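Hello,

Here is the structure I said I would pass on. Please have it open while you read the notes below it.

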Amino acid sequence: MDLKNGSVVTEFILQGFSVAWKLQIVFFVTFSLIYGATVLGNVLIMVTVTCSSTLHSPMYFLLGNLSFLDMCLSTVTTPKMIRDLLTEHKTISIWGCMAQMFFMHLFGGAEMSLLIAMAVDRYVAICKPLHYKTIMSHRVLTGFLLLSWVIGLIHTTSQMVFTVGLPFCGPNVLDSFFCDLPLVIKLACTETYILELLVIVNSGLLSLLCFILLLISYVVMLVTIWKHSSSASSKALSTLSAHITVVTLFFGPAIFIYAFPFNGYSVDKFLSMFYSIITPLLNPIIYTLRNQEMKAAIKRLSIYKNIISKYLNNINFLMYKIHD
Ligand SMILES: *[C@@H]1O[C@H](CO)[C@@H](O)[C@H](O)[C@H]1NC(C)=O
């Protein structure tokens, strides 16, 4: 058999957590709760933004769309990871693996662009307040959203085009909970130097560059607010600090994972878990807890009481089943 030409690997083994069985159950419960809370929290934001007339402004539309992306991003990896905690053979087919990487970078790239759009929105609101309504029109907003999906698509396609054709013939163990480009590329039995470079530039350096640009723009905004201190500025400050936190949580791990990816630090495993499971939950927490308008709007929508009580019932049910 000519290993150089034929792909003999049909599935990868995800190493995930190699811990005791009992601890896996603890992780199973914990991650199920985190994932449930992520979906619930993000749906809560989407419904609130769509239903509350007080939140019909560009900033909240962008926030609603960010929640949607967060939920998608988490759904690409987390349910499979949770299921794997209860199975002995944690495998994923090659196509499942490719799909995971494709969608992760599609949603990740779109979210990256959306975070930039959110910064532009705040920049116009703070530095050009008189022109805010005309600049951030509905058409511009829709354009931003379309553009962020297009950028996500270009970002993921440009990497996946070269990844789907890779031959895999040797080791097939991934030391992670899900498939991600740096790990999968390393397993290919061919020279991947160019592709590794492409991933570093396309995912790592791009994240780093966006992050630096975003930080600079937020510093400009903070300085502007500081110069025109008024009663409105404390509200603007709290909004900006929420944005900066979210941007740091999103880009920090991404930069570490993709800008220095092929050296096999085990911290990457922790970071990728953080990035795909924790960050999508933190966004709704940061935005809802710190934002008075959001909190007020949520309180007004009493239907949430039903959703939340249903969720709590489900948790009880889950605990009961595990206890059984
Ligand atoms: C996403 O943005 C669009 C366009 O402005 C808006 O109409 C829509 O309500 C937003 N989606 C959510 C879930 O907020």
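Buried means under 20% relative accessible area, exposed over 50%, and partly exposed in between (1.4 Å probe, protein chains only). In a regular strand, side chains alternate between the two faces of the sheet.

This is a predicted model, in which local features need pLDDT of at least 70 and side-chain atom pairs count only at pLDDT 80 or more, while totals for chains, interfaces and linings use all residues. Residues are numbered from 1 along each chain as its sequence is written, and side-chain values use heavy atoms, leaving out hydrogens and water.

Strands (E, at least two residues) and helices (H or I, at least four) are DSSP runs, numbered from the N terminus. Two strands pair if DSSP finds at least two bridges between them. S1 runs antiparallel to strand S2 (residues 91-93), with 3 bridges, and Ile13 stands opposite Thr91 there. S1 runs parallel to strand S3 (residues 173-174), with 2 bridges; here Leu14 stands opposite Leu174.

**Aromatic rings**

The whole structure has 9 aromatic pairs. Rings of Phe, Tyr and Trp (its six-membered ring) pair if their centres lie within 6.5 Å; planes under 30 degrees apart count as stacked, over 60 as edge-to-face and the rest as tilted. The Phe68 and Trp149 rings have centres 6.5 Å apart and planes at 55°, so this pair is tilted. Phe68 is in helix H2 (residues 58-84) and Trp149 in helix H5 (residues 138-163), 81 residues apart. Phe68 is partly exposed, at 34% relative accessibility, and so is Trp149, at 31%.

Regards
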